[in-house]
Amino acid sequence: MSADSTNAGMETPSSAMQQKRLHTKQAHVIVAGAGPVGLVSALLLANQGVKVTVLESAASLNRDLRASTFHPPTLDMLAPLGLTDDLIAQGLVARFTQQRDRQEGVIAEFDMSLIAADTDHPFRLQCEQWKLTQMIQTKLHQMPHVQMIFNAHVTQVTQTSAHVQLHFMQSDEAQSLQADYLVGADGAWSAVRRSLNIEFEGFTYPERFLVVSTTFEYADHLPRLSYVNYCSDPDEWCVLLRVPSMWRVLFPTKSDETDDAVLSDDGVQARLQNLLPQAQAYVTEHRTLYKVHQRVAQRFRHGRVLLAGDAAHINNPLGGMGMNGGIHDAMNLTDKLLAVLRHEESESALDRYERQRRTIAIDYINASTARNKRDIEERDPIKRKLNQQALRELSQDPVRARAYIRQSSMLDALERAKAIT
Ligand SMILES: Cc1cc2nc3c(=O)[nH]c(=O)nc-3n(C[C@H](O)[C@H](O)[C@H](O)COP(=O)(O)OP(=O)(O)OC[C@H]3O[C@@H](n4cnc5c(N)ncnc54)[C@H](O)[C@@H]3O)c2cc1C
């Protein structure tokens, strides 16, 4: 029997995939926002043959220093898209993370290799988020069924039961586009979310966060420093994060300081000198001051519109869950959207997206990051000692340390989401 006749009448995996692609070929999805969440969504859909239009208000991709940590499950998810190896090549593999005290030094060190059985990437990757978006843009540019439109400022969304209409401004000209579905990944101030009057419930912290980047080599001066260090302190906690070319230091500001004072040379030098006195002034590469919120959209689905990433939920950066959680949204959402487009599932699958990811945003991402902030800034000396003792004991017990790492690297959240029907 020839190989051909063996397969006669049978669907090979590749022909099944081809059919799935053909099914979705006529479908058109608009993605609002070319941040990491919008672009991961666009790539996942386009890889399956869906026509995708990405609308981005800026003239080009954002190159600001924002998220810089990729958690293990995010690296696992990006691997089949051909992104993880290139990210690793451009980042730093952080096997250890530390909880420190600004005065006492290391309190607890966690070895991420304890989760080697749970992930293909048992480490955090320290790598700037713009490297991810740039890599995805290169891939999308090679796909004829993907269009990326820059300088396109989304203003309004309308929809019927059959399609969604997105209105946007381009060079002072009002334009509109129609599609089957819209992914609203247009960030914290999402025009998509606001156009649909979806509440963004939660609060804004009174203090702002300052991030300073410097080429100063902290590892030469602070003993046993890892690439990811959360440093608690009753007066001014900080986070020291290594990215390939520099250190990023995150500080909270006092609520009565003006932006100008915080960002001034004197203000920045005072903070850096207070952390580690040096005879010379620190050379700084970037300074960013931003407001921090804990908010979750009241709905993640409104008919044919799905919110994801910062448009759906925002949180403080303690734990590095903003971008990671958003990419997890994109994976979950596109999986269901593809099933709906292929008529394999009804639209109720999209409600399951909301149930799964909104629950995680509230119970896990916002809860964990809020707790991380409470712990790192704890002022009560007795509570501080107790927290630190608990962390020490945890780090020395491999079973409990593994559970802690699974939780902080978002593996548990993904399992929990999957269990929500
Ligand atoms: C200063 C700063 C520092 C941060 N640091 C960290 C960190 O250390 N760790 C961490 O985990 N997270 C951090 N974050 C959060 C992290 O960057 C976000 O969670 C992540 O970028 C979310 O990705 P996103 O694609 O959902 O949204 P975004 O990255 O915000 O992308 C949204 C895109 O939509 C575009 N857009 C906005 N409005 C419109 C419109 N009307 N029409 C069309 N396009 C529009 C924007 O230009 C942008 O390109 C930081 C955020 C900021 C602002």
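Q: How do the residues of the shell around the ligand divide by class?
A: Into 13 nonpolar, 10 polar and 4 charged. Nonpolar means Ala, Val, Leu, Ile, Met, Phe, Trp, Tyr, Cys and Pro, charged means Asp, Glu, Lys and Arg, and the others, Gly among them, are polar.

Q: What sort of model is this?
A: A predicted one, where local features need pLDDT of at least 70 and side-chain atom pairs pLDDT 80 or more, while totals for chains, interfaces and linings use all residues. Residues are numbered from 1 along each chain as its sequence is written, and side-chain values use heavy atoms, without hydrogens and water.

Q: How many residues surround the ligand, and which are the closest?
A: 27 residues surround the ligand, the closest being Val37, Glu56, Gln129, Val154 and Asp310.

Q: How much of the ligand's accessible area does the protein cover?
A: 85% of the 990 Å² that the ligand has on its own, by the Shrake-Rupley method with a 1.4 Å probe.

Q: Which elements give two or more residues to the shell?
A: Helix H3 (36-46), strand E9 (152-159), strand E17 (284-297) and helix H10 (322-341). Helices (H or I, at least four residues) and strands (E, at least two) are DSSP runs, numbered from the N terminus. E9 gives the most, with 3 residues.

Q: Switching to H12 and H13, at what angle do their axes cross?
A: The axes of H12 (residues 381-396) and H13 (residues 398-408) cross at roughly 105° and come within 5 Å. The axes are lines fitted to C-alpha atoms over the stretch in contact, with angles from 0 to 180 degrees between N-to-C directions. H12 is therefore roughly perpendicular to H13, a label for angles of 65 to 115 degrees.

Q: Which residues meet there?
A: Leu391, Glu393, Leu394, Ser395 and Gln396 in H12 meet Pro398, Arg400, Ala401 and Tyr404 in H13, contact being heavy atoms within 4.5 Å.

Q: Which residues of H13 meet H14?
A: Ala403, Arg406 and Gln407 in H13, against Leu411, Asp412 and Glu415 in H14.

Conventions: Near = heavy atom within 4 Å. Parallel < 35°, antiparallel > 145°, perpendicular 65-115°, else oblique.
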